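Please read the points below alongside the sequence and the model. They are meant for someone meeting this structure for the first time.

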Amino acid sequence: MQAVVNALTSGSIYLLFALGMSVAWGTIGVLNFAHGAIFMFTAFLLHTVASGAGLSLPVLLVTGAVVGAAISALTQLLVFEPIQRRSPDAHRAELQILVGGIGVASILLAISQRVTQSVPFGFPPGTITVTSYDILGARVTNIHLIVVGFALVLSAAVGWWLSSSRVGLGLRSIGVDPEVATMMGINRRRLARGTMALAGGLSGVAGVLLTLNLGSIVPETGDAYLLKGFAAIILGGVGTVRGTVLGAFLLAAAETVLITTTSGQWVDAIAFALIFAMLLLRPNGILGHKEVRRT
Amino acid sequence: MTSWYYANLVLIQATFVSLLTALSIQVPIRVGVFSFAGIGSYAVGAYFTAIALIRYQLPTVVAILGGMAVAVVVSYLLSLVLARLRGLYLGMATIAYVLIIAVVIVNGGEFTGGPNGLYGVVSGFQTWMLIVLAAVALALIAYSERGTLGRRIDAVREDPELAVSMGIPVVRIRRLAFVASAVLGSLAGSCAVLLRRTVTPEDVSFHLVVLMLTIIIVGGSRSWAGVALGAVIFTWLPTVLHVIEEWKTIAYGVLVTLAAVWVPDGVWGLITKGYRAVRRRGRPGPSGVDSTADAGPAEPGPLAGIAARGGEAR
């Protein structure tokens with residue numbers, strides 16, 4: 001039972017982390033390698049501020065979202081947009097964007113490593129008073145509830161926004177055919193910035209929640225999560241919200257099963273094995289659609 | 001010169017090892033196959049060589065060729081299995097393959113030395129042999145960039161459908177790219193182990209994938225010369241940046257980002273473009289040809305020759 005709680009919690013954090021990445025990749029075609037670094041850097045910035053100011057949890061979450069969104073949107077504005085503007089074709093832009101993301105990620109990583117000297121950092125105690133409940137023999141804390149609740153509510157909101165709102169529809173149309181979408185009067189550049197801000201905001205919230213859940217993280221945590229995020233996205237299907245939800249919880253479940261039944265040595269392999277198997281069997285993911293593309 | 005050589009021997013070795021490793025990624029990219037399987041081959045080559053020398057006392061040549069054979073077989077199978085993936089999806093699958101190998105190595109127990117790796121690989125392998133091997137590899141790759149073969153490879157990358165219709169065996173060339181990448185990658189791994197005498201699981205990581213991608217894109221992905229430039233830049237940059245001590249890692253990130261944004265064709269692309277511009281200014285050719293070339297938004301793509309020959313192929 002405790003295992004289920006743990007799987008739900010880590011799955012929720014994977015979900016919040018991967019959701020923005022998935023939407024950005026599936027619609028505006030940006031696979032952001034700096035996503036993990038933004039996630040970590042938001043938590044790091046808040047740690048630096050919070051250790052002096054003593055911010056409360058709601059304030060932390062809101063600033064986390066704002067900071068993450070700001071960094072992500074800036075990355076889009078200063079790095080990815082110029083690359084997309086200059087690149088002659090989409091494939092070359094893809095590679096340039098990967099390296100641009102790598103560059104941004106290494107800047108953020110370097111700054112936080114330099115400041116923290118790679119010592120684990122977290123929020124000051126007293127940010128949240130932990131109360132735990134006993135449900136069917138499992139210890140459930142209010143942190144667990146907050147994490148799972150946020151993940152479900154936010155992903156439901158994003159899912160609704162993408163499928164029902166006018167803006168979300170426009171965004172999805174970019175994913176199908178950017179040129180026709182532009183002809184239909186969709187402002188690609190503005191939507192791309194908005195999407196990246198959304199992705200960054202979600203990862204900022206995820207960063208705050210992870211730090212809360214674990215107590216402390218290290219600057220290198222971002223890289224590990226980047227790989228887990230890939231796994232969740234590929235599992236569920238790029239660009240689909242429901243797929244990402246499914247992928248994130250499946251990944252967390254598989255990892256938890258492996259940790260509880262074996263000595264846990266192979267737990268790092270499961271994410272990669274899942275990516276590999278999924279790409280072999282169903283390259284579009286469990287809930288992915290076949291790509292609509294005309295040549 | 002000799003004293004400089006010996007003082008910087010480690011860096012010189014590292015340059016050629018990363019050159020071979022980066023080539024194992026760049027060769028598939030040139031064919032339009034975005035595969036990181038070369039890093040996996042690096043791991044296979046490195047560990048095969050180390051185990052063959054430490055546990056079985058095999059001759060060095062046998063160890064290198066054995067690792068290469070294993071890497072080629074595995075990569076060939078991979079190319080069959082992953083044939084239907086393209087672009088970032090293929091990249092993702094091959095990254096997963098590399099990281100699975102890394103986890104297997106860590107959990108290999110006694111046989112692979114586990115997290116501690118393997119130590120004490122003794123052989124008569126010298127740095128000049130590495131340099132000769134790298135030179136041979138570069139010469140072969142430079143040859144593949146010229147003439148009919150070069151144009152075929154360009155066609156397979158830029159427009160596979162067109163290439164098929166022109167009678168170019170696209171599938172076979174793609175598989176060949178996987179095999180070539182395996183040869184280069186395992187060679188790099190073997191040489192690294194033979195010169196450094198140790199190998200640890202940390203040598204094969206996501207970080208290595210990221211570094212090689214950076215070398216290729218910043219150096220220039222279209223030509224071996226770009227990769228060579230990238231390998232030199234990223235091996236020596238940390239030493240050069242040492243001047244600014246604490247800001248070293250941050251400056252590194254800034255440089256990579258700037259290069260990704262401002263130098264889309266890589267440093268080598270910048271050099272060739274500059275060279276062409278200088279040559280054009282020096283000798284204004286027949287106005288008809290040159291003015292159309294200048295008026296166009298970009299220089300004619302690598303496909304121009306093929307497309308022209310095929311008439312209205314597109």
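The notes that follow take up the interface of the chains, the packing of some helices, and the salt bridges.

1. On the basis of the values: this is a predicted model, in which local features need pLDDT of at least 70 and side-chain atom pairs count only at pLDDT 80 or more, while totals for chains, interfaces and linings use all residues. Residues are numbered from 1 along each chain as its sequence is written, chains are lettered from A and ligands numbered from 1 in the order in which they are written, and side-chain values use heavy atoms, with hydrogens and water left out.

2. On the extent of the interface: 41 residues of chain B are in contact with 42 residues of chain A, contact meaning heavy atoms within 4.5 Å. The two chains bury about 3,900 Å² between them, 76% of it on carbon and sulfur atoms; buried area here is the accessible area (1.4 Å probe) that two parts lose on being put together, summed over both. Within chain B, the residues that lose the most area to chain A are B:L88, B:Y89 and B:M92, together 18% of what that side buries.

3. On the helices α11 (residues 224–240) and α12 of chain B: they pack at an angle of about 145 degrees with their axes 10 Å apart, where axes are lines fitted to C-alpha atoms, for helices over the stretch in contact, and angles run from 0 to 180 degrees between N-to-C directions. Helices are DSSP runs (H or I, at least four residues), numbered from the N terminus. From α11(B), the residues B:F234, B:L237 and B:P238 meet B:K248, B:Y252, B:L255 and B:V256 of α12(B).

4. On a second pair in chain B: α4(B) and α9(B), the latter spanning residues 170–196, also pack at about 145 degrees, with their axes 8 Å apart. Among the residues of α4(B) in this contact are B:G67 and B:A71, and those of α9(B) include B:A182 and B:S186.

5. On salt bridges elsewhere: eight are found over all chains. One joins the side chains of A:K228 and A:E255 (2.7 Å, N to O). Because A:K228 lies in helix α9 (residues 221–236) of chain A and A:E255 in helix α10 (residues 241–261) of chain A, the pair ties together parts that are 27 residues apart in sequence.

Notes. Helix = DSSP H or I, 4+ residues; strand = E, 2+ residues; numbered from the N terminus. Salt bridge = Lys/Arg side-chain N within 4 Å of Asp/Glu carboxyl O.
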